[in-house]
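The sequence and structure come before the details.

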Amino acid sequence: MLVLIYLNSWRSTTHNWTAVARHLLGDEGNLTTTYNIVNRGVEVSTWVNVSRNLTGMLNFSYTSSNRSEIFPEFEGWFGRESAFWNRTPGVEDLINGTSGSRVEEEVAAIEEAAHGIREYYGFSYGERSYKANASGRYSFTEGRLKGLFVGGGIRWQGKSRLGREVTGTAANGRRTYGDILYGPEDFKADAFVGYRRELSVRGRSPELTVQVNVTNLTNEDEWMPLRYNANKSGLTRVLLFEPRKARLSATVTF
């Protein structure tokens with residue numbers, strides 16, 4: 001109700017809008033919400049030369065995220081505005097004509113909204129702590145296939161955090177949570193083939209490389225769940241996989 005009054009006043013005079021702006025959380029009505037993210041982890045990479053022709057690479061990583069100080073702007077604003085709302089005589093008898101709620105109920109709803117923001121951003125939705133990829137390449141260095149090279153790779157990501165199991169409701173009306181709900185792992189395979197040779201152009205020997213890359217070799221075309229709803233009866237967000245894709249490139253190096 002107070003917001004509607006403020007907006008009506010703003011439409012009539014610039015002076016009243018200036019007064020309204022003093023009560024906003026953020027700049028010109030935009031909600032200002034910040035939080036800290038600390039990422040910790042380890043990454044290991046290794047390259048292997050099995051022979052002159054065969055080489056390989058392996059990468060592994062582990063990452064964990066911690067979010068803290070979520071929405072620190074709220075307390076200062078809420079304390080100031082609560083005092084402003086409650087200094088009106090007879091405030092306890094005021095009713096919101098739209099919702100039918102009293103002022104203290106509206107205030108409690110604002111506190112719950114802030115709690116919901118902190119609860120939401122405090123959980124690392126979609127985080128995949130474990131990831132690995134490996135690739136190999138074989139190059140033909142002699143004979144009729146000299147200059148040809150072939151290879152491929154795999155990409156793997158561990159289970160992602162999609163939500164938390166809701167086990168009940170606490171005395172204050174807030175949800176209580178149980179186990180973390182995880183989605184499936186992600187696995188993709190890629191391949192490539194190419195040919196490299198030297199050219200003879202006016203006394204110079206530029207190198208020509210022609211290569212075909214195929215990503216998502218097995219054409220995994222299903223969708224990946226990203227977030228469950230509160231009781232795991234459905235999904236609120238999904239990711240569509242990029243279909244198999246082939247790319248032809250040609251490069252000349254002088």
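The sections below go from the basis of the values to the core, the surface and the backbone.

## Basis

This is a predicted model, in which local features need pLDDT of at least 70 and side-chain atom pairs count only at pLDDT 80 or more, while totals for chains, interfaces and linings use all residues. Residues are numbered from 1 along each chain as its sequence is written, and side-chain values use heavy atoms, with hydrogens and water left out.

## Nonpolar core

The largest nonpolar core consists of 11 residues: I70, F71, F74, W77, F78, W85, V91, V103, V107, A114 and I117. Helices α3 and α4 each supply at least two residues of this core. A nonpolar core is a set of buried Ala, Val, Leu, Ile, Met, Phe, Trp, Tyr and Cys residues joined through side-chain atoms within 4.5 Å. Buried means under 20% relative accessible area, exposed over 50%, and partly exposed in between (1.4 Å probe, protein chains only). Helices (H or I, at least four residues) and strands (E, at least two) are DSSP runs, numbered from the N terminus.

In soluble globular proteins, nonpolar side chains tend to be buried together.

## Surface patches

V48, V50, L54, Y138, V150, V193, V210, V212 and L248 form a nonpolar patch on the surface, with about 680 Å² of accessible area together. Patch residues have over 30% relative accessible area and no salt bridge; nonpolar side chains (Val, Leu, Ile, Met, Phe, Trp, Tyr) are joined within 5 Å and like charges within 9 Å. Areas come from the Shrake-Rupley method with a 1.4 Å probe, and for residues only the protein chains shown count as cover. A salt bridge is a side-chain nitrogen of Lys or Arg within 4 Å of a carboxyl oxygen of Asp or Glu. V212 lies in strand β8, residues 207-215, and is partly exposed at 31% relative accessible area.

E92, D93, E104 and E105 form a negative surface patch. Asp and Glu count as negative, Lys and Arg as positive, and His and the chain ends are not counted; a charge is placed at NZ of Lys, CZ of Arg, CG of Asp or CD of Glu. E92 lies in the loop between α3 (73-86) and α4 (103-122).

## Positive phi

Most residues other than glycine have a negative phi. E69, in the loop between β2 (54-68) and α3, has a positive phi near 50°. N219 has a positive phi of about 55° and lies in the loop between β8 and β9 (223-228).
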